[in-house]
Amino acid sequence: GFKAPHLAFGTSFERPIGSRFELQGRVSYSPDRKYITNNGSSLMIGTSGLYWINQRMAIIGSIKQSHLWTSEFEKKQWAPSLGIVVREQFQGMPGRLYLDYVIPTGCQWGANCPIQSNRKQGPELYWEKRMWPNFRMGFKFGVYRVLNQGNPLQPSAGRTRQFAGDVHVVARYEFSRR
């Protein structure tokens with residue numbers, strides 16, 4: 001529920017560790033407005049580990065935590081995911097295709113769960129191309145099933161389910177190693 005256009009600004013890193021492992025990290029901030037409150041800010045922090053099976057394919061595990069602040073509420077959510085990465089080359093431009101699945105987290109049932117968490121799950125696809133030596137362009141698509149918050153002490157209220165989609169255009173400038 002952010003009002004369009006959604007803009008996020010951040011930084012990231014990619015660091016190979018030996019010939020088979022790679023560590024990635026990212027932080028982004030978004031000053032966007034939520035539909036429900038007409039204000040808000042969000043911060044996303046994430047890290048990923050890749051294990052390259054061969055020169056073209058890797059297994060990836062990621063964890064992200066998002067924080068959302070509005071005038072009416074504050075919300076945090078963990079989003080782990082598992083998937084694969086494929087190195088490819090199209091029209092002379094190297095790129096990577098990331099395919100992963102977001103695993104639902106959060107409080108579901110029980111005495112330690114006065115209000116059940118939102119639970120998001122679904123596939124994500126991210127395709128990134130190196131356009132010039134220091135510039136990359138990417139496109140991200142996600143389709144999610146969201147189980148909204150609920151109160152287990154009031155079962156008649158029930159939990160609503162919905163489907164949501166994400167489409168992002170990502171532009172990244174890479175500073176030279178010098």
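Select R136 first: leaving out residues up to four places away in sequence, R136 touches E14, E128, K129, R130, M131, V170, A171, R172 and E174, where contact means heavy atoms within 4.5 Å. This is a predicted model, in which local features need pLDDT of at least 70 and side-chain atom pairs count only at pLDDT 80 or more, while totals for chains, interfaces and linings use all residues. Residues are numbered from 1 along each chain as its sequence is written, and side-chain values use heavy atoms, with hydrogens and water left out.

**Around R136**

R136 lies in strand β8 (residues 135-147); strands are DSSP runs (E, at least two residues), numbered from the N terminus. R136 counts as buried, at 11% relative accessibility. Here buried means under 20% relative accessible area, exposed over 50%, and partly exposed in between (1.4 Å probe, protein chains only).

Next, select E174, which counts as partly exposed at 29% relative accessibility. The side chains of E174 and R136 meet in a salt bridge (2.7 Å, N to O), that is, a side-chain nitrogen of Lys or Arg within 4 Å of a carboxyl oxygen of Asp or Glu. E174 lies in the segment after β9 and R136 in strand β8, so the pair ties together parts that are 38 residues apart in sequence.

**Around E124**

Now move to E124, which is buried with a relative accessible area of 8%. Its side chain forms a salt bridge with K64 (3.9 Å, N to O). Because E124 lies in strand β7 (residues 119-132) and K64 in strand β4, this pair ties together parts that are 60 residues apart in sequence. E124 also meets K140 in a salt bridge (3.7 Å, N to O).

**The sheet**

Show the strands next. Nine strands form an open sheet in the order β1-β2-β3-β4-β5-β6-β7-β8-β9, with antiparallel pairing; two strands pair if DSSP finds at least two bridges between them. β1 (9-17) and β9 (161-173) stand at the edges with a single partner strand each, so one side of each has no neighbour in the sheet.

**The nonpolar core**

Finally, select L50, W52, A58, I60, V85, Y98 and Y126, the seven residues of the largest nonpolar core. Such a core is a set of buried Ala, Val, Leu, Ile, Met, Phe, Trp, Tyr and Cys residues joined through side-chain atoms within 4.5 Å. β3 (41-52) and β4 (57-69) each supply at least two residues of this core.

Definitions and conventions. Helices (H or I, at least four residues) and strands (E, at least two) are DSSP runs, numbered from the N terminus.
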